[in-house]
Amino acid sequence: MSTPISVQQTSTANVLRQFYALTKPRVVQLIVFCALIGMVLAVPGLPSWADVQRAVLACIGIWLVAGAAAAFNCLVEKGIDAKMKRTAWRPTARGQLSDLQALVFSALLCAAGSALLWFQVNPLTMWLTFATFVGYAVIYTVILKPLTPQNIVIGGASGAMPPVLGWAAMTGDVGPEALILFLIIFLWTPPHFWALALYRVEDYRKAGLPMLPVTHGNEFTRLQVLLYTFILFAACLMPFIYGMSGWLYLAVAVGVSIGFTGYAFALWRNYSDALARKTFRFSLIHLSVLFAALLVDHYLR
């Protein structure tokens, strides 16, 4: 008697895992983390209990809308995903979830997250988060990605929004500090993504996507990665220059920026897929450590 129930439970759990996979959990976790940094920096000193409650609700709302955008992206790009080793496992690419299931799931997440942000946080945060959804799921995924090698540069504006969302959630406005955080992520995105595209170039070529290594070649892309890390280095100093952070952040920012630039320089001089992979992985460390340093510095000053 227990066997059918056990099989049904396993099947239900498997479907839930597939829906969860559509949200691109690791990407969304980084988005929420960056938004949380914006929330923390927007509140002078230790937060009150009301601030903590607002931050928790804002994180949940942002997670829901970001997950909705990721699910919509998986739906639109299912054909492309199926041709690429990195994404062929996604439930939409494998046909494990139908287009209708993915669309309804995305719509429900977006509606739930937007409602939560509107009623429990503030309308500005809801509108900014929804605009980010449109920017990533529609403008980047549907329009820019298949049309221009500058897709990741222009579309990177959506990915740079999380700290702005966090700042708006706590203050009800967008200050220059939030825009500095936006600038850092905006400039970080191209070298981060192009390092990945360099060692995945055949996947993108097979999928017919005009990524920079496909349209302009390996050498040109490596130069762009290096040049962007120089500009990013300067942007990472801005929180200290503007007075948002102190010497601890400056030391960390200089250290990780030298590391990222060093990887980019080595990649430019002597390319290998292994080095491109290491550069991509270090870029994730760079952003995570940089924002963690901002967080720690905020409470130690």
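Helices (H or I, at least four residues) and strands (E, at least two) are DSSP runs, numbered from the N terminus. The term means a side-chain nitrogen of Lys or Arg within 4 Å of a carboxyl oxygen of Asp or Glu. Arginine 205 is partly exposed at 42% relative accessibility; buried means under 20% relative accessible area, exposed over 50%, partly exposed in between (1.4 Å probe, protein chains only).

A word on the model: it is predicted, so local features need pLDDT of at least 70 and side-chain atom pairs count only at pLDDT 80 or more, while totals for chains, interfaces and linings use all residues. Residues are numbered from 1 along each chain as its sequence is written, and side-chain values use heavy atoms, with hydrogens and water left out.

Now zoom out. The protein has 16 helices and 0 strands. Its C-alpha trace spans about 65 × 50 × 35 Å along the principal axes, and 50% of the 301 residues count as buried.

Next, pick lysine 145 and glutamate 77. How far apart are their closest N and O atoms? The answer is 3.1 Å, in another salt bridge. This pair links distant parts of the chain, 68 residues apart: lysine 145 is in the loop between α7 and α8, glutamate 77 in the loop between α3 and α4. Both ends are buried, lysine 145 at 9% and glutamate 77 at 3%. Then try aspartate 81 and arginine 90, which meet in a salt bridge at 3.3 Å, N to O. Aspartate 81 is buried at 2%, and arginine 90 is buried too, at 9%.

Move on to helix α7 and select tyrosine 136 and tyrosine 140, 4 residues apart, or about one helical turn. Their rings are stacked, 5.7 Å centre to centre with 20 degrees between the planes. (Rings of Phe, Tyr and Trp, its six-membered ring, pair if their centres lie within 6.5 Å; planes under 30 degrees apart count as stacked, over 60 as edge-to-face and the rest as tilted.) Is each tyrosine buried or partly exposed? Tyrosine 136 is partly exposed at 24%, whereas tyrosine 140 is buried at 6%.

Last stop: Phe72, Trp118, Trp127, Phe130 and Phe133, which ring pairs link into a cluster.
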